Amino acid sequence: KQWYQRRVRGALTSAQQCRKAFYHRNIACNAVECNDVVLFWRANKMLEMTSNALRLQIMNTEAQRLEKEVKQYLEDLSHDEEKKRNLITGKRVELAEELRRVRGIQDKLDAFIEELKKEHE
């Protein structure tokens with residue numbers, strides 16, 4: 001573990017020196033090797049891919065959990081006659097049916113107006 005920490009600290013120091021050399025535009029003059037920059041870039045890419053994989057895994061797990069809850073709710077609903085009756089005959093259902101009738105009347109009125117316009121032309 002200590003060897004690993006020393007290696008990371010050394011790589012970090014080397015990367016900082018490379019950054020300074022790049023900032024001063026003298027990488028070629030000092031022959032600074034910047035391999036540690038590539039090391040940290042690869043580590044960063046690895047962390048990004050790992051976090052994306054974990055995010056997808058969590059989202060899939062949540063989607064499965066929600067699907068299971070919905071199925072359970074629908075299963076419970078299918079056995080409860082009172083809830084089904086309330087869903088079929090509730091206030092929203094009545095409003096939706098009335099809205100459908102009003103739209104039908106509106107469509108017939110629009111058609112009637114179009115026919116009147118055709119007769120006057």
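The pLDDT is the predictor's confidence in each residue, on a scale from 0 to 100. This structure is a predicted model, in which local features need pLDDT of at least 70 and side-chain atom pairs count only at pLDDT 80 or more, while totals for chains, interfaces and linings use all residues. Residues are numbered from 1 along each chain as its sequence is written, and side-chain values use heavy atoms, with hydrogens and water left out.

**View 1. Confidence along the chain.** The chain has a mean pLDDT of 83, and 87% of its residues reach 70 or more. Confidence is highest in helix α5 (residues 91-120), with a mean of 90, and lowest in helix α2 (residues 27-30), with a mean of 52. Helices (H or I, at least four residues) are DSSP runs, numbered from the N terminus.

View 2. Residue L39 belongs to helix α3 (residues 35-79). L39 counts as partly exposed because its relative accessibility is 40%, a value between the limits for buried (under 20%) and exposed (over 50%), with a 1.4 Å probe and protein chains only. Beyond its neighbours within four places in sequence, L39 is in contact with R7 and A11; contact means heavy atoms within 4.5 Å.

**View 3. A nonpolar surface patch.** W3, Y4, V8, L12, L39 and F40 make a nonpolar surface patch of about 610 Å². Such patches consist of residues with over 30% relative accessible area and no salt bridge, nonpolar side chains (Val, Leu, Ile, Met, Phe, Trp, Tyr) being joined within 5 Å. A salt bridge is a side-chain nitrogen of Lys or Arg within 4 Å of a carboxyl oxygen of Asp or Glu. Helices α1 (2-23) and α3 each supply at least two residues of the patch, and the largest share, 4 residues, comes from α1.

Key: Patches are made of residues with over 30% relative accessible area and no salt bridge: like charges are joined within 9 Å, nonpolar side chains (Val, Leu, Ile, Met, Phe, Trp, Tyr) within 5 Å. Accessible areas come from the Shrake-Rupley method with a 1.4 Å probe; for residues, only the protein chains shown count as cover.
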